[in-house]
Amino acid sequence: MAYLAPIHQPSSIRHAVKLNFLSPTEKSLIVAKANRLEIYAQTPDGLSLIHSKTIYGRTTMLHRHRPQSSSTDHLFVGTDQYMYFTLSWNPQTKSLRTEHKYVDTADKSARDAQTAQRCNVDPSGAFMTLEIFEGIVTIIPLNQKQPKKEADLAVGALTEPIPIRVQEMYVRASTFFKSKANEKKPLFAMIHEDSSKVVRLKVRQLTYTSGLHDNGNAELDPVEDAPESQLENGATFLIPVPGPTCGILVLGETCVEYYEHTTQLRKRIPLVEATIFVAWEIIDEQRFILGDEYGRLYLLMLEQNANGNVNGWKLDILGETSRAQCLVYLGNGKVFVGSHQGDSQVITIKPQGLEVDQTLPNIGPILDFAIMDMGSRSSGENQNNEFSSGQARLVTGSGAFKDGSLRSVRSGVGLEDLGLLGEMENITNMFSLRSSPGDVQVDTLVVSFVDETRCFRFSADGDVEELEAPVGVALNEGTLLASNAIGAHILHVTPHGVKLTDAESGMVESEWQAPDGQAITTTTSTEQTLILTVGGSRLVALDLRKNLSVRAERDFGAENQVACVNISFSSEAFCTVGFWQSSTISVLSVDNLQTVHSENAAVEEASVPRSLCLVNILAGQQPTLFIAMADGNVVTYSFDDNSGKLSNKKSIVLGTQQASFRALPRSDGSGLSSVFATCEHPSLIYGSEGRIAYSAVTAEKATVICPFDAVFYPGAIAIASKEDLKIAVVDEERSTHVQAEYVHETVRRIAYSSELKAFGLGTIQRTLEDGVEDLHSHFKLADEMSFNVIATYDLNQDELVESVMRAQLKDAAGNFAERFVVGTAYLDDGVRMDRGRILVLEVTEDNVLKLVAEQSVKGACRCLAMMNDRIVAALVKTVVVYTLDYESGAAPFFTKRGSYRTSTAPIDISVDEAKSVIIVGDLMKSVSVIKYTASTSSRGDQLVEEARHYQTTWATACAQVHRTEDSAAERAPTFLEADAEGNLLVLQQDIEGVTADDRRRLKVVSELCLGTIVNRIRPAWAPSLPDAAVCPRAFLGTVEGGMYLYGAIAHDKVNLLISLQEQMAEYVTGPGLVPFNPFRAYKSQVREALQPVRFVDGELVEQFLDIDSDLQTTICKPLGLPAEDVRNIVEGLRRLR
């Protein structure tokens, strides 16, 4: 029924640890991104990703662990599933290996820890503690007995956990620390709140007695000579100070306090400026790195006397980074800053401040996002979802406060700039040449303009020289073609003639002039044959082996003007020609230019072919002919290189304008090529998994490209725009690319206007002056391509933006005009009666935001939507429908048409305009479906509840995920809901129910635990083939920076995909041998399922393509399908994203 797959993996980092994981001598950094572990090696060039692996659970704890029998460190992992396990690195298979199978510590009678799950290891390495539940500390003794049998545990291995109850609740921080008295019993300190909300420091002593036949007994006894000490209310962290000092530091908001157990020394020094510390890391015995809420990094240095006693400390600000969630000292002055609400960074501490060496992009938390550039249409087998083809962008409002940004998430082919050749305008074409016949790689770039040509020579060291008299190339007119020809010759074609020049001597060996002063209009060649068009209708084939002798020629007449021509190295016996008037593509024999085969390539009437490219793009298959039509369609045919016949016509839309093709040989030595299509949406066309894939290229301004495989730039291309010329490297296949624009404010809401070609942003700016926080909110207009802010509208003091949308609203003349509607809320001051406003803003011709109308409301305006010409607003307790009306000569005003009181508070709304239905996601009471009926009477419009989900669910987002044009089996009203506990629910209304109660009840048809909170769901209707297994229906943005594609599974594929998921869950285990089904099963405070219900996890199913063929066959046996058929289906699923 439902399918979910990630299009951008979670990128927020909450936990990181440094350890010798990959080898005994090599330090590695392991970071946790939601339910994903990433292993980085430290290299001279920075952190290098070695391995990435999904685990079945969101990571809540990471710690280094080294058993005595291991030469490398093990990784201790704790998850939100109340499980823990340990992993090591297998250097032979280069993969993770489970050392200690998962242990489930779940306790149904216990309450989850209110702050965070914590893991501590005592200084002697004999014990580990876990704090997962309130009032319970779980002790894990590390085996200290030497193994006598092979089955015995190694020294340092984890043994059975021992839960211990303690009186301290609401524990903020805890740690083991040493005492100068060298007590054998480890000391354990905690910061906690007592029943009177007083923050205290509690020190306990761990007592452990080993057992003969069991795991023994453990207690955390209060230390008698360590009375509870009251701390400041802002105390949040405990830092153990290594020996010989042997104490603990307490970090508070207004002071730093030092406590030493042996001497009962307590020293408190107030901070110069109050702050909120959020992360810390130890450099050595005296130096510590601290990070605060505002992104500042501090160095705290202990001052000691000759006896090693602490006299005081100094706290210096090092500089600003992203707001740190975790800090790891990498050595040599380098620090890793892991961030949840900004980019993670590797920084170097220098005397003059901080220097950012490397950035790991993070698009989390995603507060809102908009979809732009939807709408391309295609036909035939090559049809793709718009996101996977790169024609759709997901633009997110990411981060918070100073780390706030806009991120454009797009599936496409990456382009890395290597060098800028210079600013050059109006480049018409480019060609690459080998100046010496013996060279394998090119070294000369020929750049053609309208009335001149320029040549550039590249040395092996990358130096560039412009040639004033290049061999074989005339510079006084534009170039139609320049290439290396057979026999160490250079071929140069201009609108007036052809020259064949010896590359070594520079002598022109032969020339050919167009007859009767006619112009050459199109041309194409191989190393042996040149095909050109003279006067638009005469086709001439010249033999490059015989001094440009005419091999054949043919005049098609004025009624058959030639639009484009192509000859390919893969099929030199034929050439293909496109004609203007008839939109016909003809295959001609090169020997006599007689027609072998013809096809009408038009997709729509008056569609003209403008560019041709015949290449081998798919391994083991016939060459493919690509035809770029003037209307933006790209038509493909399979080409029989024996007979010249065309077959299997397909088409896809790349844009609204014609494309220009250029073949790019692939670097894998397969003899295959990709095709670069230059148009309004530049795309790379390549073969993938036996099919042709179309992917956008991150080079929006490209106008002309050519391959340029030089010594200094291997595998590169030259790429020209309207302004400049660059050398770049293009990826051979697509991946997800993220473009960032830093706003330095929280982008809380975002709306996209295709008419204005701009985004409307609701932002919140935080400033800190004299230790006082102040919040200011704005509505900003940003350009759709550059994201540059065009205009800003300031909201009132203490007013924050809550919702933003674009809308077509009537103006005073009765015409529809583009507007932005903004909902706000005032900070609670206990005085104002109006708790929020609804604003209608106009963008003037001068790009100024002008207030058109406003409406005060008694509650915060949480959400906005449009239903035809009516504004639907979700306030604190009601959903209200307004119209914007005009009176003669007066300003526009809001008219309340109707309202509906929700169960608690609406969190999200979605609208079905065709059926006049409003879908409301409630704070506590799940989803309701409201029917809106307009009325002409004085009673006003009616909003009546049509159906609801009666289960208690704390909704965070909801959306309609069905369409009225769906098939009858899929036409039942269907809604996708996300809740605050990380679950996804697919709800369906039984409109054909027997009783009225049946028709009013939304039933759960699919459910799955995603494990992270979804902040926004945006419906996305993408075309799909009739036999497609999954039809995309929505995109989801999460707190952890993950973006997901939700799709509806075709009814005839539901059982197959669910069965495949069950088989994969059985045979493909995750790290720690954690089972898949409990991980993805629905979980809430009310109920807990055993497995996902009619919901397919695409990430698991797509691993089918990565396992060996024997296991594929085993998995497919119960499915009743051959492995090849299942593989084709899963390949189609992977192409969705």
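User: How many bridges join strand S14 to S15?
Analyst: This is a predicted model, where local features need pLDDT of at least 70, side-chain atom pairs count only at pLDDT 80 or more, and totals for chains, interfaces and linings use all residues. Strands here are DSSP runs of E with at least two residues, numbered from the N terminus, and two of them pair if DSSP finds at least two bridges between them. S14 (residues 171–177) runs antiparallel to S15, with Ser 174 opposite Met 190, and the bridge count is six.

User: On its other pairing, what is the bridge partner of Leu 187 in S16?
Analyst: S15 is also joined to S16 (residues 199–209), by seven bridges and again antiparallel. The two form a hairpin with five residues between them. In S16, Leu 187 is partnered by Gln 205.

User: Is S15 largely enclosed by the rest of the structure, or open to the outside, and how many of its residues are buried?
Analyst: Buried means under 20% relative accessible area, exposed means over 50%, and partly exposed is in between (1.4 Å probe, protein chains only). Both faces of S15 are covered: Leu 187, Ala 189, Ile 191 and Glu 193 are buried on one side, and Phe 188, Met 190 and His 192 on the other. The strand (residues 187–193) is therefore largely enclosed, with a buried count of seven of seven.

User: The charged end of Lys 197 sits over which ring?
Analyst: Lys 197 is in the turn of the S15–S16 hairpin and has a positive phi of about 65 degrees. A charge sits over a ring if NZ of Lys or CZ of Arg is within 6 Å of the ring centre and within 35 degrees of the ring normal. Here the charged end is 5.4 Å from the centre of the ring of Tyr 170.

User: Which residue lies over the face of Phe 401?
Analyst: Phe 401 is in the loop between strand S33 (393–398) and strand S34 (405–413), and its phi is positive, about 50 degrees, although it is not a glycine. At 22% relative accessibility, Phe 401 counts as partly exposed. Over the ring face, at 4.1 Å from the centre, lies Arg 766.

User: Is Lys 757 buried or exposed?
Analyst: Lys 757 lies in the loop between strand S64 (746–753) and strand S65 (758–769). Its phi is positive too, at about 55 degrees. Most residues other than glycine have a negative phi. With a relative accessible area of 52%, Lys 757 is exposed.

User: Why are Phe 574 and Phe 639 called edge-to-face rather than stacked?
Analyst: Rings of Phe, Tyr and Trp (its six-membered ring) pair if their centres lie within 6.5 Å, with planes under 30 degrees apart stacked, over 60 edge-to-face and the rest tilted. This is one of 19 aromatic pairs found in the whole structure. The centres are 6.0 Å apart and the planes are at 75 degrees, so the pair is edge-to-face.

User: What distance separates the centres of domain 2 and domain 3?
Analyst: Domain bounds come from an automatic or database domain assignment, which puts domain 2 at 289–353 and domain 3 at 743–868. Taken over C-alpha atoms, the separation of the two centres is 38 Å.

Terms used
Residues are numbered from 1 along each chain as its sequence is written. Side-chain values use heavy atoms; hydrogens and water are left out. Helices (H or I, at least four residues) and strands (E, at least two) are DSSP runs, numbered from the N terminus.
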